[in-house]
Amino acid sequence: MPTRVLVPSGVLGLGFDRTALARGVAMRPDIIAIDGGSTDSGPFSLGAGQSKYARAATKSEWRDLMLARAEAGVPLVIGTAGTCGADATVDWMFDITAELARELGQTLRVARLYSSQTADTVTRALGEGRIIPLTPAPEISPETLASMTNIVALAGAEQIQAAIDTGAEIIIAGRTTDTATIAALPLARGDHAGAAWHGAKIAECGALCSTNPTSGVIVVDFDDSGFTVEAMHETALCTPHSVSAHMLYENTDPFILYEPGGHLDVTRARYTALDARRVRVEGSEWVAGRYTVKLEGARIAGYQTTIMAILRGAHYAAHARDWVAKLATFLTDTISRRMGLAPDSYSLDFRLIGVDGALGPLENRTGHPVEVGVLGIVTAPTQGIAAEIGKLINPFVLHYPLTEDEELPTFAFPYSPATTDRGALYEFALNHVMDLSDPMQAFRLTVTEVGA
Amino acid sequence: MSTQKQPLGQQVLKVRSKNAGPFWVTIDIFCGTSEAYASVLPRLHTSDVARLYATPEQLVKRFDIPDLHVIKFSIPRPVVQGSAADRDMHGAQWAHLLDEMAV
């Protein structure tokens, strides 16, 4: 049965064009699906179990989508709620939804799909040989799993279908693959499986597959032989090039995409312009395989304190590398003498902004910067130790001379205090998949009525 | 035809890079035309790209995509995204090295 999916944007919190959304709703979609997250911004969101987007931005956009849902009379689903899709951010999104339901006078059944995994669950699976490393995978053990603050499994289409089957008007899903919320309904209705996953991949970043990426809103029509994609903003055109090029984006392999239960192969996909706005895609293939779900996990890798100084003197800017090498050696010795800390029990890393700040040892250009920013990053086992090291090195970062026979320099500190305690540093600690005998084995579903 | 080497960025439409998950960076070279693609393709060696990013050549994935006039490289990150030693959370600055590489 043909299925029309409305995708308001690539992620909730980044904005979409309201007129384009209204146009999408007027096209009578069968479901509205939006992504709520990704690992794009790093491990903090998953580690801390927090959304990276402001609650106000999320609420304002979700309000528009809840109104669009009421008008369209179809389910509204968000995947990877609250950036990381941990249970805590699913509940955060649920609170926003309940608050909006009251404000809008809507009475709703809300399904929550939880994706968090306990260390015990994953440890048991590890013992049963059901955890398979991807490349490159960090080493894992029961101890490292127990040290993770959050572990999530990426749900696929089956878990979203189970949520849809509850009859809920709104589905707030924890971690899912980027494509699962879009592919779920077309697959459930028997549309072409390769097309369902391929169309979902094309649409998951919203209008990024069109000539006006920031306009957000996309409509995809799925059927038994392929899919058709159209952007809703008047100036956003989907062309065979803009659509097919999207398979390159954030994919290591532009032809193969692994999902729970198999993989998508678009090697033989054909992209045809139906008119100036719409592209038809056929020939994508779904290859069924084992039912595995990808795991993501994060843990605390230490606590950080940073310090920033700016070298403006021409002599120091020109010799920043030599200066920082000497300074680092001196500080390592000072920290050892005064705090009794061995160099391997903490790290002190200086980044030279204006020299090689972004690329480090890979940088192959040299120049003559007007000034050099020196960003010192201390990572230690506790915030107390990191802060203490920060205070200890502070006067030397301010005054350390390049040579012994010169007057004591004073560099620029941009603020007081010069050190900033950053809190926990989280790190991604899993790049594995978990084999499941039943798709719902690792996921939980609850339905709650909210509103007036 | 000139045999002088030129920065790759001056011969193609765009070079971009981005994380593909926390463990990989992927670099897309949009040549823009089939002529530019055909011209760059034989002169862009995977071994040079591997050296540029200090990565063993056998770990570099390469995709030549004539339909899009695109050459794509995927490289395992030398440091995992967001770890203490990471300098570029989104991996988007990596593209500049390839953009500036003489080809």
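In the predicted model, A:E259 has A:G262 of strand 11 of chain A as its bridge partner. Strand 11, which spans residues 262–265, pairs with strand 10 of chain A in the antiparallel sense, and four bridges connect the two. Both strands belong to an open, antiparallel sheet of three strands, arranged in the order 10-11-14 in chain A. Because strand 10 (256–259) and strand 14 (285–288) of chain A each have a single partner strand, they form the edges of the sheet, and one side of each is left without a neighbour there. From one strand to the next, the twist averages 20°.

Helix 9 of chain A, comprising residues 193–203, lies across strand 10, strand 11 and strand 14 of chain A, and its direction makes an angle of about 110° with strand 14 of chain A.

The largest nonpolar core contains 61 residues, of which A:I218 and A:V229 touch the most other members. Helix 9 of chain A supplies the largest share of this core, namely six residues. Another core, of 33 residues, lies apart from it and includes A:A68, A:V74, A:L76 and A:V219. When residues up to four places away in sequence are not counted, A:V229 touches A:I202, A:C209, A:I218, A:V219, A:V220, A:C238, A:V243, A:R277, A:R278 and A:V279.

At the level of the whole chain, the domain assignment divides chain A into domain 1, made up of the segments 3–115, 154–291 and 436–451, and domain 2, covering 300–428. The C-alpha centres of domain 1 and domain 2 of chain A are 43 Å apart.

Technical notes
Residues numbered from 1 in each chain as written. Chains lettered and ligands numbered in written order. Predicted model: local features only at pLDDT ≥ 70, side-chain atom pairs only at ≥ 80, totals over all residues. Heavy atoms only, no water. Domains from an automatic or database assignment. Pairing = 2+ DSSP bridges. Axes fitted to C-alpha atoms, helices over the stretch in contact; angles between N-to-C directions. Contact = heavy atoms within 4.5 Å. Core = buried A, V, L, I, M, F, W, Y, C linked by side-chain atoms within 4.5 Å. Buried < 20%, exposed > 50% of the residue type's maximum accessible area, 1.4 Å probe, protein only.
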